[in-house]
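Please look over the sequence and the model below. Then read on for a short tour.

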Amino acid sequence: MKIQSSRPERAFQAFNYILLTLLGLIMLYPFWEIIKVSFSDPLEVGRSGYRIWPIKSSLEGYIHVFKNEFVWLGYKNTIFRVIVAMSVQMALMILTAYPLSKRNLPNRNVITMFIVFTMLFNGGLIPEYLLVVNTLHLDNSVWALSLPSAINTFSMLILRNFFMTIPTEMEESAKIDGAGDLWILVRIILPLSMSVLVTVLLWGIVQNWNAWFDCIIYIRDYKKYVLQAVLRKIVIDASPELDGLGALEETIPINAEVVKASTIVVSTLPIMMIYPFVQKFFIRGVMIGSLKG
Amino acid sequence: MYMHSSALLDQSSRKAQGLRMWKRYVRYRFLLLMLVPGLAYYLIFKYGPMYGLNIAFKEYRLMDGILGSQWVGLKYFKQVFTLAPDFWHVFSNTLIISLYKLIFCFPAPIVLALLFNEVRNLPFKKTVQTISYMPYFISWVVLGGILMNFFSPFNGPFGALLKALGQKPVYILGEVRYFRTLLVVSSIWKGVGWGTIIYLAALAGVDVQLYEAAVLDGAGKFKQMLHITLPSIASVIVIMLIFAVGGIVSDDFDQILNLYNPTVYRVGDVFSTYVYRAGLQNFRYSFATAAGLFRNVISFALIVGTNYISGKFSEYVLW
């Protein structure tokens, strides 16, 4: 039996569609704003006030950005950081999650509580900082960025929960054939866990790509800054050291806006481009995580 | 596994028990070995700083290290509570902003999820959803830059809107009156789409027949929502609420650090930004650690407490 739509029902549907369309536009609009400014002519931007389209389209902003060596260094450093951090992260998370997924592991509950407690209480910014800089002397290196957040407990628990759903028969038959634990992990468990692993990996990549604060506090050399840190210095701190704009004197405030916008676009573009393709992995990750915290 | 222990267990039984335990360790030795790097990480990078909390009770000097610094007991805590006038501003800002976010940012994804749930046209739904997730993936540095541009009094669209309404241009980011509103609105913009995911997952589990039965009974849309939809996602809402309430003394450091400036410290400075400035920029290590410890203890107590209370009145708990 087909349920007929009543008048109020249809009104609601219409209202919903309009509302959601508006929402979509509101979500998109700030992106458009920044893209528009990035393509505007620096000299015109100050004069004409607000316009919907780029003011006298120009690539000036982008030319400045690409001439800025710190942007290139930022990209290189970020990619390097992501690779190092994710290698460490994935290895550590898998090595920790797999044993914990075995229900008969000795002291399993104690170990799990030991780990989960860190999600509820931590030392805070100052002790962490002093540990990394004064005790471990990791400052000014990529390790200060990769090691402190090496294991994301939440992601690790997601891996653990997934490993727990893999039937034990496979492991048992492999053990009968004489396989060791590590072999089982690498040859049997991991291939079966590809979707969760990819999800956790992508999560980590996004977190690491967007991380800037740890770079600012731990790294002194501007040439080692990651992209978001460079961006922060240029756009929010308006640091002259990092934007290579020294030459243009009189129109600096206006030029700066266009250059800032272009820098923003250039550093966010990679994420925005791969995002539509990988978003289903993220969503799946949230769903898996939500089934059992 | 420990069996019932009794003083009457004789020697051989106890030995057998010990042997069983030992055998288990041997059997799991490789797996336990695998745990070593991870446990080392937690020990060094999570529990290490907890030991470092000592600094809050000491006159910490870099040269002396933690062990060499002199013990001063509650001196810095006293300082935090009495001598630092801005501390209470910071405390109240943190609470007020969290409260605002609880009132506005918490329900927003729920409402949006309910709206998404009603959409019949699949391509439309997927498109709007994809668009709504996008803001979640950009960093606050980027968003900060976008907002600075957006609210630029002369060139930004907001300034143009004000001009069209005959108002004078106002630089929102520097205005004490609007800063908290900005925090709440930008939080919603950035997080509402993403926040719907967990609720949509719960909504997908609702039995369609319940709706059909309700319609047959003559229930309108609103009644359906009240009696079917909301109760079905109640468990998810409560869990999220526990997190939110337990997190009332915490804040979005990233967001505020990228949006604030000295003119709005009075309303926007929160715990984490305060600790950051006092500790890392002004080098008042012991003081900042004491303030941070105070906050962390409250946060811990809150989340344990809320979970406990929730356990008493319902079956919704985190553990």
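This is a predicted model: local features need pLDDT of at least 70, side-chain atom pairs count only at pLDDT 80 or more; totals for chains, interfaces and linings use all residues.

Residues are numbered from 1 along each chain as its sequence is written, chains are lettered from A and ligands numbered from 1 in the order in which they are written, and side-chain values use heavy atoms, with hydrogens and water left out.

**Chain A**

Chain A has 14 helices and zero strands. Helices (H or I, at least four residues) and strands (E, at least two) are DSSP runs, numbered from the N terminus. Chain A has 293 residues, and 54% of them count as buried. Buried means under 20% relative accessible area, exposed over 50%, and partly exposed in between (1.4 Å probe, protein chains only).

**Where the chains meet**

In chain A, 90 residues are in contact with 85 residues of chain B; contact means heavy atoms within 4.5 Å. The two chains bury about 8100 Å² between them, with 76% of it on carbon and sulfur atoms. Buried area is the accessible area (1.4 Å probe) that two parts lose on being put together, summed over both. A:Met27, A:Phe121 and A:Ile126 supply 8% of the area that chain A buries against chain B, more than any other three residues. Helix H1 (residues 7-38) of chain A gives the largest share of the side that touches chain B, 19 residues. Between chain A and chain B there are zero salt bridges.

**Charged pairs**

Side chains of opposite charge can pair when their charged atoms come close. A salt bridge is a side-chain nitrogen of Lys or Arg within 4 Å of a carboxyl oxygen of Asp or Glu. The whole structure holds 11 salt bridges over all chains. Here are some of them.

| Salt bridge | Closest N and O atoms |
|---|---|
| A:Glu33 and A:Lys36 | 3.0 Å |
| A:Glu171 and A:Lys102 | 2.4 Å |
| A:Asp139 and A:Arg220 | 2.8 Å |

Why are A:Glu33 and A:Lys36 separated by about one helical turn? They are three residues apart in helix H1 of chain A.

A:Glu171 is buried, with a relative accessible area of 9%. A:Lys102 also counts as buried, at 15% relative accessibility.

A:Asp139 lies in the loop between helix H6 (125-135) and helix H7 (142-146) of chain A. A:Arg220 lies in the loop between helix H12 (213-218) and helix H13 (227-236) of chain A, so the pair ties together parts 81 residues apart in sequence. A:Arg220 is exposed, with a relative accessible area of 57%.
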